[in-house]
Amino acid sequence: MVMAISVSDLSVARGGIKVLEGISFTLASGQALVLRGPNGIGKTTLLRTIAGLQPPISGKVEATPESIVYAGHTDGLKATLSVLENLNFWAQVFGNKDISGAMKQYELTTLADRPAGALSAGQKRRLGLARLLVTGRLVWVLDEPTVSLDRDAVAMFAGAVRAHLGQGGSALMATHIDLGLDEAAILDVAPYRAKAPEPDDFDGVFL
Amino acid sequence: MMPELGKYADTVLSAYAVSIVLILGLVLVSLLRAKKVKSQLQEVEMKAKGNG
Amino acid sequence: MNSIWEYANPKKFIQTTDKVLPWVSILSCVALVVGLIWGFFFTPDDYRQGSTVKIIYLHVPSALMAINAWMMMLVASLIWIVRRHHVSALAARAAAPVGMIMTVIALLTGAIWGQPMWGTWWAWDPRLTSFLILFLFYLGYIALWAAIENDDTAADLTSVLCLVGSVFAVLSRYAVNFWNQGLHQGASLSLDKEENVADVFYHPLLVCIAGFVLLFIALVLLRTRTEIRARRMRALLARERMG
Amino acid sequence: MIALLVRDLKLAMRAGGGFGLGLAFFLIVVTLVPFGVGPKSSLLAAIAPGILWLGALLACLLSLDRIFALDWEDGSLDLLATAPLPMEAIVSVKALAHWATTGLPLVVAAPIFGLLLNLPVEGYKPLILSLILGTPALSVIGTFGAALTVGLKRGGLLLSLLVLPLYVPTLIFGAEMARRGVAGLDNTTPMLMLAGITCGTIALLPFASAAALRVNLR
């Protein structure tokens, strides 16, 4: 079994304040892991840290370099570009050409020439998720991927994830919706909430 | 005791006045802020210790 | 094994400056009072500039400190970038307004001096212009600190700005020199003091410079302490919201 | 990288404002100057290089906050940061796209505006050359300012305050080069200095911009 991500004793901070600490898990290829936890606990921060957008306070994130692709709350779409152009752009950035599979998977073919600004919220999200397929990367790090998707679209997404896992990919996501992915492991991050430090500890980090 | 400043008295005196006002202003602002922040911190610290 | 970096610990810094700050303050007061009184009351007039020569006791030290303050900020920024000591970043932040006031004093005393000497409050003399640009750099630096909420982000970004700004400040200095040469001949408007500073003026000037240096140190120490406390207060408040 | 450049240029075209707004602003500045200083053609000719340089600088400044702000808002910047492009490359491409949409049109249009301001015939070559050499530096420096202020809600004014002092050397040497050219003097020194500043900023500043952007994405 190949390791996709290995996180050991990770602490992350949002706005200079530690929110989660002591998180360890491993994600093998072909596996999915769903992060659960109440709002504001730091799931987004954790995912951004794993994606390499921000440095951890302590601990390590190990992953094959250039294997992670991140998708956040926003889809990074340009309203004036068409669906095709948006997707083509991301495919080119990641050095790929073929986007037909992604278009088909998320049923975007009929929308191909529509400017992204004229899509509904759910359609935009589908386009955002289709971006994952054209990157050709193995590890998906997804933050609330199913927001504003209807039931059919959620099924589409679940199908895409399953196919991705089947090809040796892996997925790490924060979501509250039951995707119907029985094989996905669940990690509740609530117990890892950072404890407030002692106020007397007047140290280099001021707390 | 005032030295003879001649025709440039206004110039010299205004230069000294402006500079001294600015320096004293800076010192005063720094001191006041130092005092304010110090007392605020003490308050917050009391509260923090009280809670935890 | 007392390393100098020990003082980069905020608590240690406050403890140490508790003892140092009063002495520096008293010394700077003494030096300033002695230097300025010596300069103002007990020096003769210059044969060309008359009594306006007395302005150099304010103008030269403040101009020196305006530049040195930026240098100090540059060093502090580098220390923050390389070693990530919070006190260093906060010291840079604390020094900026002091440096800016020094720049203003240098500009104002220069303008006041120029009025009778050159017949105009302002001339686009290379030195005056450079100081105006330096003032703009200070403004931008302080504004950037004030605009960013997250302290570490602000420290990082202002450090980068300070580094880049330093390079551009030096470039501007040369550019301005070049630019003015091309238009008028700067010699008659030169602010060059060295040539007419005789010993009678020189000794009180040295005392004044020492006074300004000590004043700068005292103010920066005081303001850094304030910044450390403000920072800790924000951290405590944030912790409260968290818990 | 080419994909990013093409996308940015496409966006600038689609939005309509990209090429047009900067030029329109430039035109307005040039139109307003005679109202401010009087219609005497000799005076206008004397200040034409300076006005054109200032106009270029302000037109450039206007569009700076758009360099990263739009990509920041819609999340593209996060995604680009995790893409297989180094941040330095992203920043450089952004600066290039900005130059292509503001600097380049200004260079092309400068002769027409020079005409409006009675620029003497021998002034055109040095003016255009100085703009070609100088405007890339304006874009690169502006990108640095935009990277510093990208996360800020009301960064526009702060951006100007940060960037304008950094523009001083470029403006001085650029305008000086054009002015000396108009006066028929030797302008090799300012030309070399201008070229040096542009090369230096292009080579070094993207590293600072990339560092600032990384900090802002945290």
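Contact here means heavy atoms within 4.5 Å. Helices (H or I, at least four residues) and strands (E, at least two) are DSSP runs, numbered from the N terminus. Axes are lines fitted to C-alpha atoms, for helices over the stretch in contact, and angles run from 0 to 180 degrees between N-to-C directions. This is a predicted model, in which local features need pLDDT of at least 70 and side-chain atom pairs count only at pLDDT 80 or more, while totals for chains, interfaces and linings use all residues. Residues are numbered from 1 along each chain as its sequence is written, chains are lettered from A and ligands numbered from 1 in the order in which they are written, and side-chain values use heavy atoms, leaving out hydrogens and water.

Start with chain A and helix 5, residues 151-166. Helix 5 of chain A lies across strand 3 (32-36), strand 6 and strand 7 of chain A. Its direction runs at about 140 degrees to strand 7 of chain A. These strands belong to an open sheet of five strands in chain A, with the order 5-6-7-3-8 and parallel pairing. Two strands pair if DSSP finds at least two bridges between them. Strand 5 (68-71) and strand 8 (185-188) of chain A stand at the edges with a single partner strand each, so one side of each has no neighbour in the sheet. On average, neighbouring strands of this sheet are turned by 15 degrees against each other, direction ignored.

Now look inside that sheet. Strand 6 (residues 139-143) and strand 7 (residues 170-174) of chain A pair in the parallel sense over five bridges. A:L142 has A:M173 in strand 7 of chain A as its bridge partner. Helix 4 (residues 121-135) of chain A also packs on the sheet. Helix 4 touches strand 5 and strand 6 of chain A, and its direction makes about 175 degrees with that of strand 5 of chain A.

Chain A holds another open sheet, of three strands in the order 2-1-4, with antiparallel pairing. Strand 2 and strand 4 of chain A are at its edges, each with a single partner strand, so one side of each lacks a neighbour in the sheet. The twist averages 15 degrees from one strand to the next. Helix 1 (residues 43-50) of chain A packs on this sheet and touches strand 1, strand 2 and strand 4 of chain A. The direction of helix 1 makes about 125 degrees with that of strand 1 of chain A.

Follow strand 1 next. Eight bridges join strand 1 (residues 3-14) of chain A to strand 2 (residues 17-28) of chain A, and the two run antiparallel. They form a hairpin with two residues between them. In the turn, A:G15 has a positive phi of about 60 degrees. Strand 1 of chain A also pairs with strand 4 (residues 58-63) of chain A, in the antiparallel sense over five bridges. A:S6 has A:T26 as its bridge partner in strand 2 of chain A, and A:E62 as its bridge partner in strand 4 of chain A. A:I5 is bridged to A:A63 in strand 4 of chain A.

Turn to chain D and its helices. Helix 6 (residues 87-116) and helix 7 (residues 124-148) of chain D pack at about 150 degrees, with their axes 8 Å apart. That makes helix 6 of chain D roughly antiparallel to helix 7 of chain D (over 145 degrees). The residues of their contact divide into 14 nonpolar, seven polar and no charged. Here Ala, Val, Leu, Ile, Met, Phe, Trp, Tyr, Cys and Pro count as nonpolar, Asp, Glu, Lys and Arg as charged, and the others, Gly among them, as polar.

Helix 3 (residues 41-62) and helix 8 (residues 155-182) of chain D form another pair, with axes that come within 9 Å and cross at roughly 150 degrees. Helix 3 of chain D is therefore roughly antiparallel to helix 8 of chain D. Residues that meet here include D:W53 and D:L57 in helix 3 of chain D, and D:Y167 and D:R179 in helix 8 of chain D. By class, this contact has 13 nonpolar, three polar and one charged residues.

Finally, consider the links between chains. Of the five pairs of chains in contact, chains B and C share the most contacts. Chain B and chain D do not touch, and their nearest C-alpha atoms are 23 Å apart. Over all chains there are 21 salt bridges (a side-chain nitrogen of Lys or Arg within 4 Å of a carboxyl oxygen of Asp or Glu). A:K78 forms a salt bridge with D:D74, with the closest N and O atoms 2.8 Å apart. This pair crosses between chains, from the loop between strand 5 and helix 2 (83-93) of chain A to the loop between helix 4 (66-73) and helix 5 (76-81) of chain D.

Terms used
Angles under 35 degrees count as roughly parallel, over 145 as roughly antiparallel, 65 to 115 as roughly perpendicular and the rest as oblique.
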